Structure formats: structure tokens, C-alpha cells
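Here is a friendly briefing to read alongside the model. Please keep the sequence and the 3D view open while you go through the points.

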Amino acid sequence: MNINEYFQDYKHQLDSIVDSSLAEKELANDITLCFNIVNDYEAWLNSIGNRLESIIYKNAIKVYQDAFSCMLEGHYQSAFMGLRYCFERTLCGIYLSANELELRTWLNGLRDTYWSEIIGNEGKQNEGKETENDKKIEKGLFSKKYVDAFFPELQDEIQHFKRMSVSVYRECSEFVHGNPMALEKIPDILTYDNKLVSLWCEKALVMKRVMFFSFALRYLRDMAEDEKSIVADIIKDEFVSVKPIIELF
């Protein structure tokens, strides 16, 4: 088989898997909701405007679209990798947006970012002695310090969303790092797997909720009315039970 024959056959396989993904009636609603994340995310970008950190968000949603395509095509490990990337980069942009010096240093390629820095550590590493990691506890996106600065009325929600973030990030990381539990779920050949489509959609929808909550946490109180109107319907649908957010409309 020459290269043209190989990729013609490969294209037929992809077409068949995409058809199977889209024909799954039980998952049709979840797939549609995950597809709509792109438009909703772009609405947030339009409401935020051309801020320095927007370059991070634009890249994150591009990779999400790639991950969504991989999910439909049966490239499940790549789909989970891209999903985690979008999630981490989005939270990274929101976190760095609060410190222009650190953001500009990152944009200039002079610093790295780490998940532990973004999320904040769960507790001190060594009793009785503060480590460098411990100092990050009050610097994370879900820290009391961050919430007090931008949306203090959300303090009661923070730990819930932090736990969601840690959990869904860890679960997708199993596919990134090739953990045995994840590899057992990945088919040995390119094929359709409804359980993995369902799992991917489940994680994507959790991540959407956390990302949109984090956007609201960081930006919503500072938005002009015309900016808030761009995401009003998205917010009201997603956070109807989060009173401090709904009260802004």
C-alpha cells in the first residue's frame, strides 16, 4: 500500500467514526452542548475585549476545537490532551491577568507557569516550616486573596469550584501521562467508542462550568453593561443557582 492508498483508507475510517459519533442519539445533546462551548467562549472573549491575556484564551479555544474534532474522529487520547490544555491555559490567563508584571514576563518568554501555581496548594508541605510552595496558597486563582480582590461575594463558592478543577484536571492528566487506568480505556485501533465520547463530553462540560465561573470571578464586576449583555444569557443559563452572579443582572 502506497502513501496515497494508506491515507485514502485512513480518511474513510475517519468518516465512518465521525458518522458514528454524530449518530449516537444518547449522546447527541452532550455533543451539541460541547460544540456550543466554542461560541460561548468566544462571547466571553468579545465581552472581555482586547486585553493582554486574550492571546492565551484565543489559543486555548483553538486547541479546544482541535480536541473536539479529535473526539469525533476517535483520536481519544489526543482529545483529552487538548481538553486539559484548554482548561489549564484558560485558568492560567485568568490567574496572570491579575498581575501585569508576571503576565508581561510570561509573554516575553521569561517565566513558566505551573498548575500548582494556578490552583494553589492544598496545604503546607512541611509542618512548622513554610516552603516556597506554601507561599503559593494565597496566590492561586481560587485563593481567598484573589476572590476578595475581584468578587468577594463568591467566597462561599470557591472551594467547590476548586475541588471540581483539581478533580477534572487530574482525570484528564491520566491520558496526558499515559497512566495505566487511562490506557486501558483507549482502543488499540482507530475505532468509535461511545464510552470515551461520553467521558470526554462529561469532562468538557465540567471544565466549561469552571472556566466560565472563573471568567465571571475575574471580570464580571468590572464589565460595562454593554459588555455584560454579550454573556448575559450564557451566565443566566449556567449559573442560575449562583446568586451573587445572577444579582449583577
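Leaving aside residues up to four places away in sequence, Lys228 touches Leu220, Met223, Leu248 and Phe249. This is a predicted model, and Lys228 sits in its helix H11.

**Lys228 and its surroundings**

- Lys228 counts as buried, because its relative accessible area is 7%, and the cut-off for buried is under 20%.
- Its side chain has a polar partner too: the side chains of Lys228 and Glu225 make a polar contact at 3.1 Å.

**Salt bridges**

- How many salt bridges does a search of the whole structure find? The search gives 13.
- One of them links Glu238 with Arg209, with 3.1 Å between the closest N and O atoms. Glu238 belongs to helix H11 and Arg209 to helix H10, so this pair ties together parts that lie 29 residues apart in sequence. Glu238 and Arg209 are both buried.
- Glu100 pairs with Arg104, and here the closest N and O atoms are 2.6 Å apart. Both residues lie in helix H5 (residues 100–107), with a spacing of four residues, or about one turn of the helix. In general, an α-helix has 3.6 residues a turn, so residues three or four places apart point the same way.
- Glu100 counts as partly exposed because its relative accessibility is 46%, and Arg104 also counts as partly exposed, at 40%.
- The side chains of Glu202 and Lys203 form a salt bridge as well, at 3.1 Å from N to O. Are these partners buried or exposed, or in between? Glu202 is partly exposed at 41% relative accessibility, whereas Lys203 is buried at 9%.

**Helix H2**

- Helix H2 covers residues 28–48, which makes 21 residues. At 1.5 Å a residue the helix should span 30 Å, and its end C-alpha atoms are 31 Å apart, so the two values agree.
- Where does H2 bend? The bend is at Ile37 and amounts to about 30 degrees.
- Ile37 is also one of the buried residues of H2, which include Ile31, Cys34, Val38, Tyr41 and Trp44.
- Which helices do the buried residues of H2 pack against? They pack against helix H1 (3–23), helix H3 (54–73), helix H4 (76–96), helix H10 (194–219) and helix H11 (225–238).
- Gly49 follows H2, and its phi is positive, near 90 degrees.

**Cysteines**

- A disulfide is a covalent bond between the sulfur atoms of two cysteines. With a cut-off of 2.5 Å between the sulfur atoms, the count of disulfides comes to zero.
- Cys34 is buried, with a relative accessible area of 0%.
- Cys172 is in no disulfide either, as the nearest cysteine sulfur, that of Cys86, is 11 Å away. Cys172 is buried, with a relative accessible area of 1%.

Terms used: Residues are numbered from 1 along each chain as its sequence is written. This is a predicted model: local features need pLDDT of at least 70, side-chain atom pairs count only at pLDDT 80 or more; totals for chains, interfaces and linings use all residues. Side-chain values use heavy atoms; hydrogens and water are left out. Helices (H or I, at least four residues) and strands (E, at least two) are DSSP runs, numbered from the N terminus. The expected span of a helix is 1.5 Å times one less than its number of residues. The bend at a residue is the angle between axes fitted to the seven residues ending there and the seven starting there. Buried means under 20% relative accessible area, exposed over 50%, partly exposed in between (1.4 Å probe, protein chains only). Contact means heavy atoms within 4.5 Å. A salt bridge is a side-chain nitrogen of Lys or Arg within 4 Å of a carboxyl oxygen of Asp or Glu. A polar contact is a pair of N or O atoms within 3.5 Å; within protein, one must be able to donate a hydrogen and the other to accept it, and residues adjacent in sequence count only if both atoms are side-chain atoms.
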